[in-house]
Amino acid sequence: MSDTAELKFNGNTYQLPVITGSENEQGIQISNLRAESGLITMDPGFKNTGSTQSAITFLDGEKGILRYRGYSIEDLADRSTFLEVAYLLIYGDLPSAEAFAKFRQEITFHTLVHEDIKKILDGFPSNAHPMGVLSSLVCTLTAFYPKSLDPNRSWDEVNLSIIRILAKMPTFAAWSYKNEMGHPVIYPDNKLDYCSNFLRMMFGLPTDNYEVDPVVASALDKLLILHADHEQNCSTSTVRIVGSSQASLYSAISAGINALWGPLHGGANQAVIEMLEQIKADGGDTAKFIAKAKDKNDSFRLMGFGHRVYKNFDPRAKIIKKAADDVLNKLGINDPILEIAKKLEETALNDEYFVERKLYPNVDFYSGIIYRAIGIPTEMFTVMFALGRLPGWIAQWKEMRENREPIGRPRQIYTGPQLREYVDLNKR
Ligand code: ACO
């Protein structure tokens with residue numbers, strides 16, 4: 001395989017080095033192109049632009065492959081736990097039993113948040129969207145742990161910031177929901193595992209002895225594994241680019257949460273349930289909504305369908321579809337919107353419009369159905385996604401720092417007016 005590409009422009013030939021990854025993916029290195037030729041490359045939405053070399057997640061959108069640090073998502077979802085996967089993503093390898101016990105103990109130790117953060121939480125109106133509350137609370141950590149502001153401090157300090165955010169995120173996530181409900185918050189119970197502790201803080205009341213259903217805790221654990229990383233997507237790129245200015249880990253994660261919020265990214269699972277509810281309320285005619293999605297004069301899109309990278313199938317969607325069936329069976333729930341979702345999928349997969357454009361269900365098509373079955377309200381879905389994606393964001397931030405990557409700063413082609421003469425206000 002050649003390790004140089006040639007670009008011909010205006011009678012000149014430019015040699016561009018080609019980089020090859022460990023799965024033989026290749027990219028043309030254009031960093032010096034502007035200095036040599038005056039040219040930049042244009043790629044709105046970065047659809048075909050590599051921003052980094054990363055050893056964390058490999059995905060092949062054509063073959064439907066997703067691996068964290070070389071381990072298949074199927075194996076991890078089937079055999080691992082979310083905390084183990086978090087360790088794997090952040091530190092690069094699966095932990096030994098001893099290393100894992102230490103990691104879990106450290107995370108358990110830091111679950112409690114400063115009482116003054118509760119006062120900040122109290123300042124939010126009770127109908128505040130939990131995503132806004134979550135990103136604010138995460139950013140507040142910069143105030144409570146000022147040493148975290150400098151990402152160039154010792155590794156022990158940086159690692160402590162990592163442990164703190166992993167430990168406190170379930171507390172923040174559950175409290176953002178309690179705030180929305182106007183209910184008193186529940187403090188963490190460090191005897192419980194990561195997901196059970198979160199569920200108790202979500203659904204428990206100070207006056208009851210809330211027992212976590214192990215079926216629900218295990219379903220949640222699987223969902224979080226499936227969302228833990230997905231290489232250079234919108235929110236992860238945001239985390240890396242904010243971090244590249246040497247802003248703190250907490251501010252980078254807070255920015256990532258905001259990037260995840262939109263309906264074209266993490267907000268899609270909420271949009272899927274709203275769409276399925278809309279179809280149900282309209283009488284359940286899936287064909288009518290498929291037609292709307294295909295109509296270019298109609299802004300309606302089939303939410304949970306299509307993916308920037310997966311153009312064959314989303315491996316996470318396969319695992320989740322089965323998990324949705326399992327969880328609903330185990331909990332004895334018969335949710336009519338699951339049937340609508342399956343019918344919609346079947347119709348779309350046999351429709352030329354979707355086949356031609358390689359539009360398949362993505363991870364969010366079925367995740368909302370599981371969240372609903374385990375009692376998570378719709379507006380909390382994106383928060384759940386953020387909880388799952390946290391280890392990926394941390395791993396990507398850490399890698400970006402360790403690689404000493406330069407500050408992110410894309411170029412542009414200017415299309416505005418050329419130099420104009422300024423006219424004073426009183427003469428316009
Ligand atoms: N419903 C109907 N048509 C669609 C859909 C959809 N869900 N998705 C894409 N298309 C069509 C587009 O209209 C376009 O058609 P055209 O070629 O005739 O103009 C074509 O398919 C390509 O679509 P793009 O928007 O160019 O694809 P892109 O890769 O930029 O977008 C995205 C991917 C944003 C995920 C898109 O498919 C979408 O909006 N899906 C619905 C939202 C969603 O589920 N987001 C979750 C993504 S997964 C995640 O973030 C975890």
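At what angle do α7 and helix α11 pack, and how far apart are their axes? Here are some notes to read alongside the model, which is a predicted one.

1. Let's start with that helix pair. Helix α11 covers residues 249–260, and α7 packs against α11 at an angle of about 40 degrees, with the two axes 10 Å apart.

2. Now for who touches whom. On the α7 side you'll find L160, S161, I162, R164, I165 and M169, and they meet L249, Y250 and I257 in α11. Sort the residues of this contact by class and you get seven nonpolar, one polar and one charged.

3. Next, have a look at the second largest pocket. Its volume is about 290 Å³, and 14 residues line the pocket. If you want to find its centre on screen, pick P151, N152, R401, E402 and R404, the lining residues that lie nearest to it.

4. Which helices each supply at least two residues of that pocket's lining? They are α7 (155–181) and α18 (381–402). The biggest share comes from α18, which gives five residues. By class, the lining of the second largest pocket holds six charged, five nonpolar and three polar residues.

5. Finally, zoom out to the domains. The chain is divided into domain 1 (4–65) and domain 2, which is made of 71–213 plus 233–263. Going by C-alpha atoms, the centres of domain 1 and domain 2 are 35 Å apart.

Note on methods. Residues are numbered from 1 along each chain as its sequence is written. This is a predicted model: local features need pLDDT of at least 70, side-chain atom pairs count only at pLDDT 80 or more; totals for chains, interfaces and linings use all residues. Side-chain values use heavy atoms; hydrogens and water are left out. On a 1 Å grid over the protein atoms alone, a cavity is a set of points where a 1.4 Å probe fits but cannot get out, and a pocket is an open set with protein on both sides within 12 Å along at least five of seven lines; lining residues have an atom within 4 Å of a point. Grid points are joined across faces, edges and corners, and a volume is the space filled by probe spheres set on the points. Helices (H or I, at least four residues) and strands (E, at least two) are DSSP runs, numbered from the N terminus. Ala, Val, Leu, Ile, Met, Phe, Trp, Tyr, Cys and Pro count as nonpolar, Asp, Glu, Lys and Arg as charged, and the others, Gly among them, as polar. Axes are lines fitted to C-alpha atoms, for helices over the stretch in contact, and angles run from 0 to 180 degrees between N-to-C directions. Contact means heavy atoms within 4.5 Å. Domain bounds come from an automatic or database domain assignment.
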